[in-house]
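Hi everyone, thanks for making time. I'd like to walk you through one protein model, so let's bring it up on the screen.

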Amino acid sequence: MNQYYLMIVLETVIQQKLNNFTENRFLFCGSSMKRTRASSKVKTGKEEAKDDSNKNEIEANLEDNQHHLIVQAKNLKNQKFNNISKSENKLVHSIRDPIDPPLEDAMNAEPKQKSKLNLKTLKNRNKEKNIELKPNAPPPKNKPRAVVDLKMMTEELKQLEDPPSTNWEKEICFNRLPFSFYDSPCEELAQNLLGKVLVRCLENGTILKGRIVETEGYLGVIDKASHTYQKKVTPRNMPMYMPPGTIYVYMTYGMYHCFNISSQESGAYVQIKAVEPMLGLDYMELLRNMQFEENGKEKKIIANVKSIKHYELCNSPAKICAAFDIDEDSFNEQKIYKSENLWIEYDPYIKFTTVVATHPNNDSEHGALKAWRYYVLGSSSVTERDVKSEEHAYNI
């Protein structure tokens, strides 16, 4: 019985020890597991921090490499551009003109891209200098060709022989007839004056104009009606022996003036017989209603003022001088192509003039051979018409 009791006690002790051993082992394993988890957590945090630092280092290295590549590309681009600009400078120095500004200053002052454009323009300009001139191509068939009046152009160029002296004269005398126009035979000058415009500039600045529609030529020493017939020389007819274009104003019947212009021949001249008023008609009518006072120098308006028809204002030599205020003291012996107050000019709107040639009287010795009087066909200001001669009118 004691042995049985001892066995039970031993089993109980052994069982307790086994239980204690199991509990201690279980506690030891739990604590070891806790320590393992804690160490793994610590280890994981350290690895994550290490991974983050490695990642930041990689990104920094990538950024540095990228920046380095960009800088290297820019340096390479600048080096290539500098090489190109140097070659362009050498080329431009070889082709540019000596009058051009210094190229270095222009390139420094402007962007590089603009310098390339300048180089291109310089090259094009250099090519244009070497281009040979070629005749103009014929105009298209659908477009009309411009017509140039060579005769009028030649006559206008002749004005350069005697250019106006003042700015005022240049402005108002653009179409003034030059000396070469008057340097022609008497009969030719008498015809060419038809259709031209007589211009008078008064002292107060008023401009009077009228178209010459009738002239008469005096042939000088061979013409019985001429003041220089048989080389007659007097103080009055001296302008007729002066160069062509000299104004000859004389008084007839002691009260009327006549206006004449010398021609190429010595002693020959052309008389202006009729003018169609164009500008300043009211002023012409006022001058026609004025007369000289007793001293013969000043004028005054007549008592009985008359209304004058336009075509009758200047239809005779005396009426022309009255309407244009032309007198012997003011214009005799002056050069009409130089005068600032009286001249004759072209009418740019008249392309041609229809002329009637007739003789002024029934002189059988000269009338059958020569026609001395010329007038414009259809003008109402002509002094006298010749119906038979009008059948043979011609254009000039």
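Predicted model: local features only at pLDDT ≥ 70, side-chain atom pairs only at ≥ 80, totals over all residues.

Residues are numbered from 1 along each chain as its sequence is written, and side-chain values use heavy atoms, with hydrogens and water left out.

Overall, the protein has 11 helices and 11 strands; these are DSSP runs numbered from the N terminus, helices being H or I with at least four residues and strands E with at least two.

Back to our pairing. Strand E2, residues 207–218, is antiparallel to E5, and nine bridges join them. Strands count as paired if DSSP finds at least two bridges between them. E4 also runs antiparallel to E5, joined by three bridges, and there asparagine 260 has glutamine 271 of E5 as its partner. Six residues lie between the strands in the hairpin of E4 and E5, where glycine 267 takes a positive phi near 85°.

So how enclosed is E5, residues 269–279, by the rest of the structure? Largely, because eight of its 11 residues are buried. Buried means under 20% relative accessible area, exposed over 50%, and partly exposed in between, with a 1.4 Å probe and protein chains only.

The largest nonpolar core has 43 residues, and Tyr182, Leu198, Phe259, Phe324 and Ile344 have the most contacts inside it. E5 gives the largest share of this core, four residues. By nonpolar core I mean buried Ala, Val, Leu, Ile, Met, Phe, Trp, Tyr and Cys residues joined through side-chain atoms within 4.5 Å. A second, separate core has six residues, including Tyr218, Met240, Tyr248 and Tyr250.

Which residues does phenylalanine 324 touch, leaving aside neighbours within four places in sequence? Among them are Leu198, Leu208, Val275 and Met284; contact means heavy atoms within 4.5 Å.

Finally, let's step outside. Tyrosine 253 sits in the loop between strand E3 (247–252) and strand E4 (256–262), and this tyrosine 253 is exposed, at 75% relative accessible area. For the whole protein, the accessible surface comes to about 27200 Å², with 54% belonging to carbon and sulfur atoms; areas come from the Shrake-Rupley method with a 1.4 Å probe, and for residues only the protein chains shown count as cover.
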